[in-house]
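Visitor: Can you walk me through this one? I'd like the ground rules before the details.

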Amino acid sequence: MKDLLKLIFICFLSISMISCSHSKGDQGSEAEAMPQTWAEKLGYPAGKKVIILHADDAGMCPEANEATMNYLNNDFIQSAAAMPPCPNFDEFIAWAKESSKEDIGLHLTLTSEWKTHRWGPVSNPKDVPSLLDPQGMLWPEVPDVVRHAALEDVEKEIRAQIEKSIALGYRPNHIDTHMGTLYGHKDYVNVFFKVAEEYNIPANVIDLNKPHIVEKFRRGGYPIDEDIIALANDYSLPKLDDFTSAPNADTYEEKVEKFKALVRSLDPGITEIIFHPSTDTENLKTITNSWKQRVWEAKMFGDPDLIQFFEEEGIIFTNWKEVMGRFESLN
């Protein structure tokens with residue numbers, strides 16, 4: 001695009017009174033199609049893919065904690081988030097307090113999706129009745145939450161989850177949303193962003209100024225409308241250029257190859273890629289039928305083949321601590 005504009009400019013100067021073949025309108029539309037990425041805004045090299053490898057679901061069970069701690073201790077991944085209502089959250093936060101260099105956030109949780117391994121809210125259940133299913137646990141699926149949960153209960157619970165971590169002595173570096181629940185309704189989005197700004201803790205907010213990004217999330221079932229785009233535009237903390245997850249596969253080898261294809265398909269900018277690593281135990285198999293994917297995801301990012309692939313692709317890695325630090329240095 002820059003070369004094209006230079007050519008048009010030279011043409012205009014060299015041939016007085018002769019119009020070049022490209023109209024100003026065409027130039028404007030092309031320029032608008034190439035907005036500056038958040039990676040560029042934060043000082044990362046232009047045209048580079050900047051990735052956050054982010055482990056979700058820490059705190060859910062001992063297996064998730066063990067796999068996530070191993071990855072972070074060995075610098076194979078850059079970031080993780082823990083689930084405050086879950087039974088092994090306190091254990092993970094105790095480790096995070098002793099590992100201050102790591103980027104640990106909160107996986108704000110309003111669902112309890114497994115049949116045999118479930119949890120209720122951090123808040124007193126009497127204070128958030130609309131968040132509870134008939135068994136007194138959090139609703140199993142996102143549509144259940146959207147149908148039943150009152151906005152005031154949603155806000156009360158996500159604040160309680162942040163305050164739980166702070167009361168344990170750990171201020172999270174970022175917040176995100178388990179199963180995408182807080183993107184399930186525009187009112188939830190508004191509360192999510194508001195709470196992030198009030199605590200000055202960045203949320204996993206995606207820049208929605210690119211139509212193909214909006215369309216991707218709409219195809220995924222998220223109700224991205226003009227109101228949500230406006231909320232994202234008004235959000236005052238740093239954003240991601242894209243957000244995605246490790247693909248499932250039938251074999252470990254296929255999973256690694258599909259992950260490579262995913263990385264190759266990314267546009268330049270900051271992309272967070274989430275996954276759910278867990279160590280292989282019989283207990284894990286009783287919790288989730290996705291145990292095999294999780295076990296592979298506890299292996300693949302330490303795989304020399306994938307590490308070499310990242311080097312060959314020239315991937316830059318970052319985390320939310322660095323992103324927020326760069327953002328604050330600009331303001």
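Predicted model: local features only at pLDDT ≥ 70, side-chain atom pairs only at ≥ 80, totals over all residues.

Visitor: Which residues are buried in helix H15?

Guide: Trp320, Val323, Met324 and Phe327, within residues 320-329. Buried means under 20% relative accessible area, exposed over 50%, partly exposed in between (1.4 Å probe, protein chains only). Helices are DSSP runs of H or I, at least four residues, and strands are E runs of at least two, numbered from the N terminus.

Visitor: What do the buried residues of H15 pack against?

Guide: Helix H3 (38-41) and strands E1 (49-58), E2 (79-82) and E6 (269-275); contact means heavy atoms within 4.5 Å.

Visitor: New topic. How many salt bridges are in the whole structure?

Guide: The search finds 19, each a side-chain nitrogen of Lys or Arg within 4 Å of a carboxyl oxygen of Asp or Glu. One of them joins Glu102 and Lys101 at 2.7 Å, N to O.

Visitor: Is Glu102 buried or exposed?

Guide: Glu102 is buried at 6% relative accessibility, whereas Lys101 is exposed at 56%.

Visitor: Which residues form a network of salt bridges?

Guide: Glu155, Arg159, Lys194 and Glu198 are linked that way.

Key
Residues numbered from 1 in each chain as written. Heavy atoms only, no water.
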